[in-house]
Amino acid sequence: MLKELPLRDAVWLHQVKTLPCEICDACPCDPAHIREGVCKAGGKPADDLVVPLCRVHHNEQHNIGERNFWRIHFNRNDGLRRRVFDEYKVPMDGLAMMNGLKLYARNLYKAVKGKKHAGLS
């Protein structure tokens, strides 16, 4: 059985840099991959598992760990909490929290790519 390769989309990663930070709305942003529960140590997740984070928040995410970073910011940021948890009805805890974030990232990818393909952006 062949293993499916992760999605790679350089155009999308460039687009993410123009989106506002999920935490503070600053621009430009880094494409921050959601790694937890997706890949083995050193591996890189698919490019549709990316959310925009400004450099300050992207560095914070790496410094304190992905799960801690998102738990802290979901508790502090009502807009972010609504975009992820109210929309997808997942608990803000552990692996379920990270799975909700992955679903949000994939839907962001589809929404932005869909607008571009439809000639809307």
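Where do Asp 78 and Arg 81 lie, and how many residues apart are they? Both lie in helix α4 (residues 78-88), three residues apart, about one turn of the helix, where helices (H or I, at least four residues) and strands (E, at least two) are DSSP runs, numbered from the N terminus. This is a predicted model, in which local features need pLDDT of at least 70 and side-chain atom pairs count only at pLDDT 80 or more, while totals for chains, interfaces and linings use all residues. Residues are numbered from 1 along each chain as its sequence is written, and side-chain values use heavy atoms, with hydrogens and water left out.

The side chains of Asp 78 and Arg 81 meet in a salt bridge at 2.0 Å, N to O, a term for a side-chain nitrogen of Lys or Arg within 4 Å of a carboxyl oxygen of Asp or Glu. The structure holds six salt bridges. Another joins Asp 47 to Arg 8 at 3.4 Å, N to O; because Asp 47 lies in the loop between β1 and β2 (50-53) and Arg 8 in the segment before α1, this pair ties together parts that are 39 residues apart in sequence. Asp 47 is buried, with a relative accessible area of 3%, whereas Arg 8 is partly exposed at 45% (buried means under 20% relative accessible area, exposed over 50%, partly exposed in between, with a 1.4 Å probe and protein chains only).

The side chains of Arg 106 and Asp 48 also form a salt bridge, at 3.0 Å, N to O. Arg 106 belongs to helix α5 and Asp 48 to the loop between β1 and β2, so the pair connects parts that are 58 residues apart in sequence.

Helix α5 (residues 94-117) also contains Tyr 109, which is paired with Trp 12 of helix α1 (residues 10-16), 97 residues away. Trp 12 is buried at 0% relative accessibility, and Tyr 109 is buried at 14%.

Ring pairs also link Phe 69, Trp 70 and Phe 74 into a cluster. In helix α3 (residues 66-76), these three are buried along with Glu 66 and His 73.

Conventions:
Phe/Tyr/Trp six-rings, centres within 6.5 Å; stacked < 30°, edge-to-face > 60°.
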